[in-house]
Amino acid sequence: MRPTRFFPVAALLLAGGMAPAALRAQRVDAEHAVPYTRTVLPNGLTLLLNEDHSSPIVALHVWYHVGSKNEVPGKTGFAHLFEHMMSEGSENVAPGEYRLLIRGMGGTMNAETNEDRTEYYEVVPSNQLETVLWMESDRMATLLSRVDQKRLDTEREIVRNERRQVIDGAVFGVANDITSATMFPSDNPYHWAIYGVPADLAAATLDDVRQFFRTYYVPRNAIVALSGDFNPAQARKLVAKYFGSIPAGAAVPRPTISETRLTKETRLALEDARARAPWIRIAWRTAGDDSRDQYALSVLAAVLGRARTGKLSKLLLYDRQLATADTAANFDWEKVGVLFIEVRARPEASLTEIERLVDSVVTDVKQHGPSAADLVPIRQDTAVGRLLQLQSDHEKAHTLAEGAGLTGNPGFYAQRVRGILGVTPADVQRVANTYLGSGRMVLSMVPAGKLNQVSKPELPYVNATPTAAGGKP
Amino acid sequence: MSARRAVLACAAICAASMIGPRAAECQVLDRRHRPVAPPARAFVFPKVTEHVLANGLRIQVVENHELPIVAVRMAMSADSTEDPAGKEGLASVTLAMLREGTARASADQLAREMAAIGTPVAPAGFTTTTSHVDRALDLLADMWLHPAFADSALKRVEALRAAALRQQQAVPSYVARAIFYRLLYGSEHPFFRAPTDTSIATISRDDVVRFHDQYVRPQNTTIIVVGDVRPASVLAKLTRVFGAWPRGGVTAAPHTEPVAPRQATTIFLHDAPGASQATVFVGEMGPPRTAPDFFALETANTLFGAIPGSRLWQALRERHGFTYGVLSTSLWRRSPEPSTIRGSTNVNSPKTDSAVVVWLDELKAMRGERAPTDEELERARMAQVGSLPIQLETVDQIATALVRLSLAGEAPDFYSRLAARVPALTTSDITAAARKYFDPDHLVIVIVGDRKTIEPALRAANVAPVVIVDASGRPIS
């Protein structure tokens, strides 16, 4: 199935990238693609199959094109709460039984909600394929027959505990909520966080659950991806048997994404009593999965933030020894993107000095671009990382579904590898100048009561620390 | 057979004619009918080729030619339990210092060489493509055999660790763990002793050089190589790069220091004012892993708390909604070192007392009052045995499993023994193990959370004495 020898793309690149781009792309593609077949059932359900008999297991992903950006203000956090309701049983599976059935066959399962989509998956011994298809189809076909108030209330409590653990339990855990709220205006559905505004959870009713299910959890809005040890003809037959009779559903509404950009710098402060050192985060709006700029933006983030040899790490952790950790990443969603830099200062270091140094690095990339040598490790990381990802049926099913759902191309991840390997220093310089402008967020995170440690305290800033009552940042 | 064929035919028709919802035509598919799985494909743990070099370095190789990738891991049996008192953190600082420059290459030079092959070679190993593995092994050996231990790098490593530790000491879940181990084993025991910013600051270059000289030795180390390789060529390469590493120093052995005597079950509460959740640890000392009923105890753990869907999980999360999740397992060490049976969870503060009551009820019920049902036992068996091909799918997973076995002093045939022994266990084996090892009268229960919310109800619940402790676990009067 897959080539067994690795063509040394790396060696070619090290030799100066002499291979003609087309030839290089072809070879990389052969190595990095996940072979798949795509079938669309008459009810609109998309089926993606990747046959791989290397382990006697199969990964089933059911991917729904609905996430927190489909919510409305006042009912935020609902897509994630709904995800929890999906494990509350359906007509033929008792509440809580999903987990017991999967664990009881030696499998693992989980679900994940983000701004754009909700994905459910099971990885099970391959002889259990029909059973997991039966289970996933049962909840797509019959979920509402079980939904009741008591279970909604219990899941609401579980979700509140999830938020307490993941957001409240982490030092500066609300920084991501603040970032979303700042980067996107309130009429943009990326404005609110996946967990939503805490008070909104109380507003969720059984009618909301029913309406949401009927609108979004329908075959025409779903992708089934299988990777692993199965016979494709048999798998197609089984998927048709269990999912084929579910009604397609009505046309699915898509939110409008306003094009408003940040035009000026927004300076914020966040305090946390548990913090022992200040952190700073600087964020810019970039581009979504629908833009070709994402490849150069990923490389730009890596030029800045690669561990140990990236420009920020080298300067701030090693040469100047002002920081304990740094990150730079470009997050690309379906329609929007954010590039952010975060630096965790040493307890005694000054955020003002760190912000100046970060800006000097960014300015240097904008004026001169990275060197050709700067890009070599990033290409190497990309090539090695992608190959490691191909070990896992779970990863492969995920990337096929995610690519197909967000871009229409199940091979999107292989295309992204190809795109990143083709990025030049001039591309990086161009996107740095296009996106890393003066419209940005600068968030200083300081130990409670240490507002004097805010970066450039002489500039006006807003204290975004939530109140103890859990108010909106 | 014919009924089955009819269903398939109908599904095909429905699928082909699906223009609008026409559910009536499709009622032949009876969703109440649960599929019956055919027998599972047999899973065989991959063959491990073992070899010991003349200097005592143990080598384990697993061939896996699915993809052109290789995982390499270093398992060193001398760990932080060898830290001298007052210099806690020495073992981990020494290991971190291996990547901070060698006699041949500065730290920056090493980092650039790793970057050139897209492979962060950590002291504990790496995973990379076959085209880079040779170069990565050269770097790994250079780091382990010829570290420079530059003073300036040591200062930086220590500053970063101290800052991280100071930060962790402000986080309830970290504090709870530290208090739990201190109270269970006693503050002088190597299983308890953990680094602090103060202990890190006392570590000098001489300490690091001495630790490296004493413990970072081939007879304390196993190299594990999993992936697209041939054992003969791996052996030749490793002999070339690690063959000259001199045996010597101290050969690490299991610890036999006495542990603190068992105490009657007590709740130790440490105040974390304003925390919205309380971290709860519940545990006790367990047997060494050579115990004859090892697999029965593992299965009892699985049923009780080791996986999502266990009794604890169903009670605390699914029935009551007190928590987002809870797990309780055994932490196994090298025999004859005792294990620790412990679980932890983060609960909504006002529900802390209820969560402790439910936890103790579930623990007691395991001892016979609610014996495992056949379905529960079958789930617990499958969660351990049926899951093996999923737990061991990738070269990283296989390499990590071999590291754990090596550090625990287990032979690589462990998974074959597990697959043979676990399915033979009966419900009475599980109850017997629970009666022997789950001891509700000698538990250490540590809670770190908002005292004013938690304490009154906890005392009123009257499940065990409540002692208020400081961050080191010492009682506050």
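In chain A, Arg267(A) stands opposite Val442(A) in β11(A). The structure is a predicted model, in which local features need pLDDT of at least 70 and side-chain atom pairs count only at pLDDT 80 or more, while totals for chains, interfaces and linings use all residues. Residues are numbered from 1 along each chain as its sequence is written, chains are lettered from A and ligands numbered from 1 in the order in which they are written, and side-chain values use heavy atoms, with hydrogens and water left out.

Strand β7 (residues 265-272) and strand β11 (residues 440-447) of chain A run parallel and are joined by eight bridges. Strands (E, at least two residues) and helices (H or I, at least four) are DSSP runs numbered from the N terminus, and two strands pair if DSSP finds at least two bridges between them. An open sheet of six strands in chain A has the order β9-β10-β8-β11-β7-β12, with mixed pairing. Its edges are β9 (323-332) and β12 (462-463), each with a single partner strand, so one side of each is left without a neighbour in the sheet.

Six strands of chain A also form an open sheet in the order β1-β2-β6-β3-β5-β4, again with mixed pairing. Here β1 (37-40) and β4 (108-113) stand at the edges; each has a single partner strand, so one side of each lacks a neighbour in the sheet. Within this sheet, β3 (residues 57-64) and β6 (residues 222-228) of chain A pair in the antiparallel sense over seven bridges, and Leu60(A) stands opposite Leu226(A) in β6(A). Helix α3 (residues 78-85) of chain A packs on the sheet and touches β4 and β5 (118-125), where contact means heavy atoms within 4.5 Å. The direction of α3 makes about 160° with that of β4(A); axes are lines fitted to C-alpha atoms, for helices over the stretch in contact, and angles run from 0 to 180 degrees between N-to-C directions. Helix α10 (residues 232-243) of chain A also packs on the sheet, touching β1, β2 (46-51) and β6, and its direction makes about 155° with that of β2(A).

The contact between the chains takes 83 residues from chain A and 76 residues from chain B. About 7200 Å² is buried between them, of which carbon and sulfur atoms give 58%; buried area is the accessible area (1.4 Å probe) that two parts lose on being put together, summed over both. Arg31(B), Arg41(B) and Tyr324(B) supply 11% of the area that chain B buries against chain A, more than any other three residues.
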